Amino acid sequence: MLLGKHLRMASTLCKHLSLTPVLTRQYTLSNVNTRLLVSGSQRSALCHKRTLAEQSKKQTDVSAGLRYQQLGHRGLIRFAGPDSTQFLQGLITNDMNCLQRELDCHKMALYAFLLNVKGRVVCDMFVYNISKAPDTHIYLLEVDTELVDEVHTTMKKYRLRKKVDIAVTDELKVVAVFPVEDGPFDAELTIGSTDGAPLVAVEKDPRLTAMGYRLVLPAFDDVTPHLPDVKEADTPTAYHVKRLRLGIGEGPTDHPPGKALPLECNAAYLHGVSFDKGCYIGQELTARTHHTGMIRKRIMPLLIDSQSSVDLQAEDVLVNSDGKECGIFRSAMGQNGLGLMRVDEAKGPLTVRRKGTEKSDVKMIDGVTVTAQQPFWWPSST
């Protein structure tokens, strides 16, 4: 009652002074040459437009820092049928339940390994769920082209009576979209509208955010309309140089079939193995190694300082300043490479030895110095 009385008194005073009472909040916005008096709702609309403009500029800035590249070294195998999920669950290191739409999963791509019965790597892979409905089970396995036929044959051998069709497909291709910089990357990728064939899959690289996105699309389709603000990589090796700098192995050169162990390939750090899913081929050794916590060797990025015309070869031995063999060279492009290194011993400048066919046939590679680096994405406790 008292408040109402005061308001009536204020209104009467305004009339006597020929003033107009302001009953709603107003905001003054400064422009270059004008000052606008706008209501709260108008201000909200203007702010919304400004936010959209800022978001558009931010997206343009993000796209300017991205590059795309078709990955001709990667092939695809298609799995379809009611038993596809269960079939793959018993073969690969990661959990297929993480790809199920009926469980409201937020990702449709997995990184995983196929192992042999001794727990050694057969191949690394990506698994895409391209099912259009919860009751369908259609997947694509992306593997290195050198191993497509072998993996296809191996999978058919394990199929037995399961209701799953397995076929190599040449009708699709894989494109990587990755940031130029090597730090964490969490921005969303904007896909342009096009009248062409739709993309089969658009997923964040499940290994590491710094690797950007992976796209699967028809082999005949031009990717440019789908990525209107993204430039093609400047060199045909840009994708490989990117992952080498980050210390990510890929394919049979970095993960030698029948020799490599998944945890030494950083499968756990790259979200490529589940320790809760249950049994799969090669699971026993992998689980035992994980629970003992004794992983002395890991794939690490290498920085190569070479004043020699001699190229390093896979299986070249890296030696520390104490004369101890602390790693094996895997692959390189330019000054960036990968090696399977003893983490505690790969310190300081390393030299290179090359072994011949005979055990005693060893020679030093002069003019080459290698430095092993610990990736930023490794846990600090490593």
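Modeller: The model is predicted. A search of the whole structure gives seven aromatic pairs.

Biologist: What makes the pair of Y111 and F113 edge-to-face?

Modeller: The ring centres of Y111 and F113 are 5.3 Å apart, and the limit for a pair is 6.5 Å. Their planes stand at 70 degrees; over 60 counts as edge-to-face, so the pair of Y111 and F113 gets that label.

Biologist: How do you know that Y111 is buried?

Modeller: The relative accessible area of Y111 is 1%. Buried means under 20%, so Y111 qualifies. F113 has a value of 0% and is therefore also buried.

Biologist: Which residues form one aromatic cluster with Y111 and F113?

Modeller: F126 and Y128 belong to that cluster.

Biologist: Why is the charged end of R207 said to sit over the ring of Y111?

Modeller: The charged end of R207 is 5.7 Å from the centre of the Y111 ring. The definition requires CZ of Arg within 6 Å of the centre and within 35 degrees of the ring normal, so both distance and direction count. R298 likewise lies over the face of W378, at 5.9 Å from the ring centre.

Biologist: What follows α5?

Modeller: G247 comes after α5, with a positive phi near 85 degrees.

Methods. Residues numbered from 1 in each chain as written. Predicted model: local features only at pLDDT ≥ 70, side-chain atom pairs only at ≥ 80, totals over all residues. Heavy atoms only, no water. Helix = DSSP H or I, 4+ residues; strand = E, 2+ residues; numbered from the N terminus. Phe/Tyr/Trp six-rings, centres within 6.5 Å; stacked < 30°, edge-to-face > 60°. Buried < 20%, exposed > 50% of the residue type's maximum accessible area, 1.4 Å probe, protein only.
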